[in-house]
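Please examine the sequence and the structure shown below.

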Amino acid sequence: MDTKVWDVRDYQQNLNQYENLDEIKLTFERGGLVALPTETVYGLGADARNSLAVEKIYKAKGRPSDNPLIVHIHHRRQLEDFTEPINDKVELLMEQLWPGPISFIVPLKRGFLCERVSGGLSSIAVRMPSHSIGRQLLQYVDMPIAAPSANLSGKPSPTTFQHVYKDLNGRVEGIVNGDQSEEGLESTVLDCTQYPFRIARPGAITKSMIEKIIPDCVDDQEILDSEKPIAPGMKYKHYAPETPLTIINSFEGLENAKDTWNNSAFIVPDDKQSLVPKQAQLISLCQNEEDIKTANHNLYHILHDLDTNEAIQDAYIYGFEKRDDTMAIMNRMEKAADHHIGKGDNV
Ligand code: TXA
Ligand code: MG
């Protein structure tokens, strides 16, 4: 298949002046797949009402078919077509946190979307992205767009057009090029089908940010270590680069743990660089412990680059202490890594 590339980078504020906008809309209407930028990661979009189109998403990604998709909207009134009436608490959270990097799982009203989108569940995940191009595009096509991350299943999510192109060129009808995703990690997924709500996947919108709006509305249970995944996607291995990746919780005695560090990369905050073995290659994750927004933004980009750099045989990444704002990045790191150092494990 010939994959079209739509470069809209000069149309951030006025996408409707882009000359090929109708071609993108038509591609969606004909059941084609279009990868599009959002503020979290690029998504692989299709008309969520069209079962053949949604089927193609699973094929293009090589994704297990029981893993449900997030439906993207540009206006809350679209929800009336395919969700049960939204309860007041969820409504309030949507009002305050949308458009933005959070998806809500709410009860599904059957009949409008195709069954495959929700993987046969009685609930549906919904999100309104804030990305200027992503949002204008959703507005222009004016249909519910099912979109998982636009990567091959099991690979790190794409945060740039180039990442999407590498994985999906020849497998999808088109890719919208709209610069690097600002957040860099997938949205927070909040399961609102029971109360208190549960974080099914941590993201840039943290538990404390949600509870600033509605105190104590999120279950305290540490869901990330639970054996039973809430989001079906949690049971699949995700985000793994080809390069072996180890999380470092302590630098103590590290220098002598291997004969040579020449072909090793250390991905650490700038203020930890002096602790890294001398010959190793340094990759900047962020400035310091507090600079989590930068670390989130950079993580997948760094993981993608690891696999294209032949001088790097293995990589070591700085493990942050777990806090409200580090939950998301540590969740992704743990899925990408094979080992830990500093928790009693050896290299
Ligand atoms: O930031 C994002 O959320 C990106 C962009 C493109 O919006 N999308 C994304 O989609 O990350 P995906 O398909 O890669 O991840 C969706 C997650 C999966 O873990 C899936 O299992 C879970 O949400 N999910 C979707 N619908 C669900 C439902 N009804 N119940 C439980 N989990 C659900
Ligand atoms: Mg994904």
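The following notes describe confidence, domains, salt bridges and backbone geometry.

This is a predicted model, in which local features need pLDDT of at least 70, side-chain atom pairs count only at pLDDT 80 or more, and totals for chains, interfaces and linings use all residues. Residues are numbered from 1 along each chain as its sequence is written, chains are lettered from A and ligands numbered from 1 in the order in which they are written, and side-chain values use heavy atoms, with hydrogens and water left out.

**Confidence**
- The average pLDDT (the predictor's confidence in each residue, from 0 to 100) of the protein chain is 92, and 93% of the residues score at least 70.
- In residues 224-229 the pLDDT falls below 50, and this stretch has 5 contacts (heavy atoms within 4.5 Å) in the model beyond near neighbours in sequence.

**Two domains and their interface**
- The assignment, which is automatic or from a database, gives domain 1 (4-213) and domain 2 (245-341).
- Taken over C-alpha atoms, the centres of domain 1 and domain 2 are 29 Å apart; domain 1 brings 22 residues to the contact and domain 2 brings 16.
- The size of an interface is often given as the accessible area lost when the parts come together.
- Here the buried area (accessible area, 1.4 Å probe, that two parts lose on being put together, summed over both) is about 1600 Å², with 53% from carbon and sulfur atoms.
- Pro156, Leu185 and Pro202 supply 34% of the area that domain 1 buries against domain 2, more than any other three residues.

**Salt bridges**
- Side chains of opposite charge can pair when their charged atoms come close.
- The structure holds 20 salt bridges (a side-chain nitrogen of Lys or Arg within 4 Å of a carboxyl oxygen of Asp or Glu).
- Arg76 and Glu91 form a salt bridge through their side chains, at 2.7 Å from N to O.
- This pair links distant parts of the chain, 15 residues apart: Arg76 is in the loop between strand 4 (70-72) and helix 3 (88-97), and Glu91 is in helix 3. Helices (H or I, at least four residues) and strands (E, at least two) are DSSP runs, numbered from the N terminus.
- Between domain 1 and domain 2 there are 2 salt bridges.
- Arg332 and Glu186 also meet in a salt bridge, at 2.8 Å from N to O.

**Backbone geometry**
- Most residues other than glycine have a negative phi, and most peptide bonds are trans.
- The peptide bond from Trp98 to Pro99 is cis, with omega near -10°, and Pro99 is in the loop between helix 3 and strand 5 (102-107).
- Tyr195 and Pro196 are also joined by a cis peptide bond, with omega about -5°.
- Asp142 has a positive phi, near 50°.
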